[in-house]
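Colleague: Could you walk me through this model before I set anything up? I'd like to start with the overall picture and then pick at details.

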Amino acid sequence: MAVKIGDKLDLGEFPLLLAPMEDVSDPPFRYVCKQNGADLMYTEFISSEGLIRDAAKSLQKLDIFEYERPIGIQIFGGDIDNMRRSAEICTQVNPDLIDINYGCPVKKVVCKGAGSSLLQDIDKMVAMTKAVVEATHLPVTVKTRLGWDDNSKNIYEVAERLQDVGIKALSIHGRTRAQLYKGEADWTLIREVKRNPRIKIPIFGNGDVDSVERAAAWRQEFEVDGIMIGRAAIGYPWIFREIKHYFKTGEKLPGPTIAERVDVCKTHLLKSIEWKGEKTGIFEMRRHYANYFKGIPNFKEYRVKLVALSSLDEILETLEEINYNFSAMAV
Ligand SMILES: Cc1cc2nc3c(=O)[nH]c(=O)nc-3n(C[C@H](O)[C@H](O)[C@H](O)COP(=O)(O)O)c2cc1C
């Protein structure tokens, strides 16, 4: 059955979502994920205070493109009125939805009463969500965690109360705030939320899906409406097409060839330059090379070289050399 967010947004059967990731899920990265089949993508989180102050960096994060649809803009903040105002600003850019971040565990965010901090004050979280829902005609969704810590896993109640004030989907990362990114994600409570007969909105599972096998097993075991993937897509956007192919045919696609890795890496680099300008585009692409070529033996020399070069021509030449030298290898 097709999964719908609100009345209008149809994501098809069992959608795969690209998780919002700070400094990662920008338009160049989203481009390669979209090409490989991500069904719904999000911007990285955007500070509501930054948006209201007109901070250039926050505004740049509002850049979305037609080919990215459906796309959600994710906002965070600790002040209800600022969240309401930033929802109005986001609405003007016309994304397909607005997502609220109640999951970020980072100290500088939590200290300001934002992100996962709201898991400690559900009344405020509900009031904030209601204010955002009322500030926009767009569907509002939420991404959060199981709870603040092991003794306060309140996602069951959170899901009900947020649905009651009008959110249209909920993505749950199967960790508490206290866990940060440590240990294994536990999707058991996500299944409980999904099984709650009061819950009618789509529930997306998130956390540690890093292979076709796990996606298939957890889809079955935890009964979610779709899966959100973050880290496993970094340098490996093929994860979306591989999972989709498996769901459709029951067969595993072979991994990308070296030529494909080079090709997608190049596209990512060129999009990066197109969007950020040559200098920043080249610089910020450096964090991605190791991921695109993970698992290739004796690659270190090239990895070191790629992150040292600052001329586009030289980087492109090096990528061609990689293609030439490693193409015979099955990775
Ligand atoms: C580098 C990085 C940046 C992230 N930034 C955000 C963010 O901006 N908003 C958000 O909701 N979650 C953010 N997250 C959390 C991810 O969306 C996701 O919940 C988490 O990585 C678990 O999923 P995964 O195991 O598939 O990576 C970030 C995670 C990483 C690794």
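Colleague: What percentage of the residues of the protein chain count as buried?

Modeller: Bear in mind that this is a predicted model; in it, 44% of the 331 residues of the protein chain count as buried. The chain has 14 helices and eleven strands, and its C-alpha atoms fill a box of roughly 60 × 45 × 35 Å along the principal axes.

Colleague: And what is the radius of gyration of the protein chain?

Modeller: The radius of gyration is 20 Å, which agrees with the value near 20 Å that a compact globule of 331 residues would have. As for the contacts with a separation of 6 or more, 67% of them are between residues 24 or more positions apart.

Colleague: How is the chain divided in the domain assignment?

Modeller: The assignment gives domain 1, covering 2-249, and domain 2, covering 258-326. Nine residues from domain 1 and ten residues from domain 2 make up the contact, and the side of domain 1 that touches domain 2 has eight nonpolar residues, one polar and no charged. The C-alpha centres of the two domains lie 29 Å apart.

Colleague: Switching to the ligand, which residues come nearest?

Modeller: There are 21 residues around the ligand, and Ala19, Met21, Phe45, Gly230 and Arg231 come nearest. By type, the shell divides into nine nonpolar, seven polar and five charged residues.

Colleague: Now helix H1: why is it described as largely enclosed?

Modeller: Helix H1 spans residues 27-35, and eight of its nine residues are buried, so the helix is largely enclosed by the rest of the structure. Among the buried ones are Phe29, Arg30, Tyr31 and Lys34.

Colleague: What do the buried residues of H1 pack against?

Modeller: They pack against strands E3 (16-18) and E4 (40-42), and also against helices H10 (238-249) and H11 (258-276). After H1 comes Gly37, which has a positive phi near 105°.

Colleague: Which strand is E8 joined to?

Modeller: Strand E8, residues 140-147, is joined to E9 by five bridges, and the two run parallel; Val142, for instance, has Leu170 in E9 as its bridge partner. Strand E9 itself, residues 170-176, is mostly covered, with seven of its seven residues buried.

Colleague: Before I look at the backbone, where does Asp96 lie, and is Asp96 buried or exposed?

Modeller: Asp96 lies in the loop between helix H4 (80-93) and strand E7 (97-102). Asp96 counts as buried because 21 other C-beta atoms lie within 10 Å, where the cut-off for buried is 20 or more. Leaving aside neighbours within four places in sequence, Asp96 is in contact with Leu9, Arg69, Pro70, Ile71 and Gly72.

Colleague: What about the peptide bond from Arg69 to Pro70?

Modeller: That bond is cis, with omega near -5°, and Pro70 lies in the loop between helix H3 (56-60) and strand E6 (71-76). For context, most peptide bonds are trans, and most residues other than glycine have a negative phi.

Colleague: Which way does the phi of Leu180 go, positive or negative, and what about Asp208?

Modeller: Leu180 is not a glycine, yet its phi is positive at about 50°, and Asp208, also not a glycine, has a positive phi of about 75°. Leu180 is in the loop between E9 and helix H8 (188-195), whereas Asp208 is in the loop between strand E10 (203-206) and helix H9 (212-222).

Colleague: And are those two buried or exposed?

Modeller: Leu180 counts as exposed, with 12 C-beta neighbours inside 10 Å, whereas Asp208 counts as buried, with 21.

How values were computed. Residues numbered from 1 in each chain as written. Predicted model: local features only at pLDDT ≥ 70, side-chain atom pairs only at ≥ 80, totals over all residues. Helix = DSSP H or I, 4+ residues; strand = E, 2+ residues; numbered from the N terminus. Rg over C-alpha atoms; globule rule 2.2 N^0.38 Å. Contact = placed C-beta atoms within 7 Å. Near = placed C-beta within 6 Å. Nonpolar A, V, L, I, M, F, W, Y, C, P; charged D, E, K, R; others polar. Domains from an automatic or database assignment. Pairing = 2+ DSSP bridges.
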